[in-house]
Amino acid sequence: MSRIDFDIAHLLAGSLVLISFLELYQDRLYALLNVYALHALALAASVAWQAFVQDAPHLYVTATIALAFKAIVIPVVLHRIIVRLGIHREIEDVVGVGPAMLAGIGLVALSMVVMLRVTHGADPLAREDLAFALSVVLLGLLMMVTRRNAVGQVVGFMSLENGLVLAATGAKGMPLVVEISVAFSVLIAFIVIGIFLFRIRERFDTVDVQVLDRFRGERG
Amino acid sequence: MTFNALTGVLVVPAAAAALLAALPNYRATARLNVAATTLTLICALSLFLGRPQPSSYLLVDDLNGTFIVLTTFVGFTTSVFSLSYIGHELEIGRLTPPFVRFYHAMYQVLMFAMNLALVANNIGLIWVAIELATLTTVLMVGIYRTPEALEAAWKYFILGSVGIALALFGTILIYMAARPVVGEGLDAMVWTVLITRAGDFDPALLDLAFVFLLLGYGTKVGLAPLHAWLPDAHAEGPTPISAVLSGLLLNVALYALLRFKMLLAVNTAALAPGPLLVTLGLISLVFAAFMLYRRRDIKRLFAYSSIEHMGIIAFAFGMGGPLANFAGLLHMTLHSLTKSAIFFAVGHVAQVKGTRRIGDMGGLTETNPVLGWSLVLGVVAIAGLPPLGIFMSEFLVVSSTFARAPLLAIILVFGLLVGLAGLFLRLNSIAFGEPRGTNAKAQASYVPMFAHLALVLAAGIYLPPPLVAWFQNVARLLG
């Protein structure tokens, strides 16, 4: 693989990690959704580049799904949902921006150390892609932990899935079954979550998960 | 492709799901549900007569043959139980006909997903199937639409998805490890290919992959400290689903873990997966045993008991070796049968008493002798007292551990005794003493419950030699 191919793949995967950091400190739902759309866009570009470099045309399908579904349809629909729920004002974080960013940096460092040490046998592109992918996955998890708001958690989960797609496309020649299933599972997951959000809205007039906690099974 | 038993196990539930979603008449569909599970069970049993060659996607061997028969059998009896249970829920208006239609369709989708996970020969396909099973159960847990049910479903969904995501990352890492050895493409995800070549894989990658898989599928097994979703999901969903979750879905996730454990066992340079399973198993056992004492909700009580038993099973498979594996398999089978029987009883108890709070029910053996004594028998079985089957499997786990790691055996016995006392403490207030709570007439179908308990009792008294030989063979496979 030529030097420039490698660098571009690197750039795209790295930008995905950076956008994950951007997501971490967004305190407005609108802004969060916009950043998520950017995240999905970077994923689509990265997957398309992998398809080109690996000469694997089926990966273009995955890239198209990422572009159309994750970068456009989901953010638009979620925008409409939060308007209808009337929660497009601020969202609160459990921990502040500073600690969250520090924890994020720690997680990225962790995934670099783990992945680069473990995979020294693999080819350089795959191994660094995998390290970036693990960072994105861990940052998604961190975001799910730091958000109280149900929509925020869902966005965290979706960026986690983006990290998985990055990992799957980075693994050269991985059978299509997995890529389609990932895209498909996001679709299903999204429908499920959509239903849930509406039900939760009906019952509690909020999508704040902390309010849900009041109804824990075993009080009294 | 010609029709064979393997396709039957998959096609019957899938077709039934489509049919049940389309038909409006809920009385007929409830019977159709039973018919479909019966047919699936017949297909599963006929796998013993002749099994197809493994393909790149599907595989039947001795290991998953055991799981398939167990799954389809409990699926069948649960559908019989659900016939009367759902009828009652309709009568008191907790469920409306559209929800019942949805429920039956989802029941078949769940059966399909679990069977697919069991017969999959492709590590990607296993993942897809378990993801599908998770999503269906999320929908079923939330079906009552009460605040508690929604919270349980939401929690289960979030924790389950994170677990599933970690498992996918582990699956990708396995592929990365296999690619340099097996080559690119489909073969590097086919389990039967992987197992023959796993000796040459990069051990560091395999180790890392297994850690992710253990965390991911371990969440679905309900091993502490990854169990947080389990009690809520069991308590808030319809009782037939609690029975299927406890009796089957936890097993299916464990089965996936066992397949990957076998891969690691082939590679001598990779870390030994046993100690990890042993540690998680013991933590689950002791933790859940103590948690039994403070339960106020009858379904949560038995949900924690499931965590306890999954801990014992994970422990047994973690110890490995022919005897411990044999004990683990036997324990898993008997636990599935007993726990689903208990949930059948609990479902009717909750309907009779109109509540799930243990404090509001009492004297069950006096007011409803058949139901009460069946519950007592079930709890005696699950607590591991002779002459019922679980006593024997627990005895085998303990004795095989004493021979190899006495210290671990002491912790194990301690956990078992704490759990036993906790269960009986709660059982005492439910089954005996002054009758409390309402006392509606039970229109129960006792047959599934009796069938399960009879099997457990029979296993405790006499295990037929062919079954023993079969389990020993599978135990050898597991290494």
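Visitor: At what angle do helix α11 and helix α17 of chain B pack?
Guide: Helices here are DSSP runs of H or I with at least four residues (strands are runs of E with at least two), numbered from the N terminus. Axes are lines fitted to C-alpha atoms, for helices over the stretch in contact, and angles run from 0 to 180 degrees between N-to-C directions. In this predicted model, α11 (residues 273–291) and α17 (residues 406–431) of chain B pack at about 30 degrees, their axes 8 Å apart. Angles under 35 degrees count as roughly parallel, over 145 as roughly antiparallel, 65 to 115 as roughly perpendicular and the rest as oblique, and α11(B) and α17(B) are therefore roughly parallel to each other.

Visitor: Which residues of α11(B) and α17(B) make the contact?
Guide: Two residues are in contact if their C-beta atoms, placed from the backbone, lie within 7 Å. Among them are V278(B), L282(B) and L285(B) of α11(B), along with L408(B), I411(B) and G415(B) of α17(B). An α-helix has 3.6 residues a turn, so residues three or four places apart point the same way.

Visitor: What classes do the residues of this α11(B) and α17(B) contact divide into?
Guide: Ala, Val, Leu, Ile, Met, Phe, Trp, Tyr, Cys and Pro count as nonpolar, Asp, Glu, Lys and Arg as charged, and the others, Gly among them, as polar. The contact has 10 nonpolar, 3 polar and no charged residues.

Visitor: Is D55(A) buried or exposed?
Guide: D55(A) counts as exposed, with 7 C-beta neighbours inside 10 Å. D55(A) sits in the loop between α2 (29–54) and α3 (58–85) of chain A.

Visitor: What is the phi of D55(A)?
Guide: Most residues other than glycine have a negative phi, and most peptide bonds are trans. D55(A) is not a glycine, yet its phi is positive, about 55 degrees.

Visitor: Where are there cis peptide bonds in chain B?
Guide: One joins A224(B) and P225(B), with omega about 0 degrees; another joins P386(B) and P387(B), with omega about 10 degrees. P225(B) lies in the loop between α8 (203–221) and α9 (229–236), and P387(B) in the loop between α15 and α16 (389–404).

Visitor: How should I read the labels and limits?
Guide: Residues are numbered from 1 along each chain as its sequence is written, while chains are lettered from A and ligands numbered from 1 in the order in which they are written. Local features need pLDDT of at least 70 and side-chain atom pairs count only at pLDDT 80 or more, whereas totals for chains, interfaces and linings use all residues.

Definitions and conventions. A residue is buried if 20 or more other C-beta atoms lie within 10 Å of its own, exposed if 12 or fewer, and partly exposed in between; C-beta atoms are placed from the backbone.
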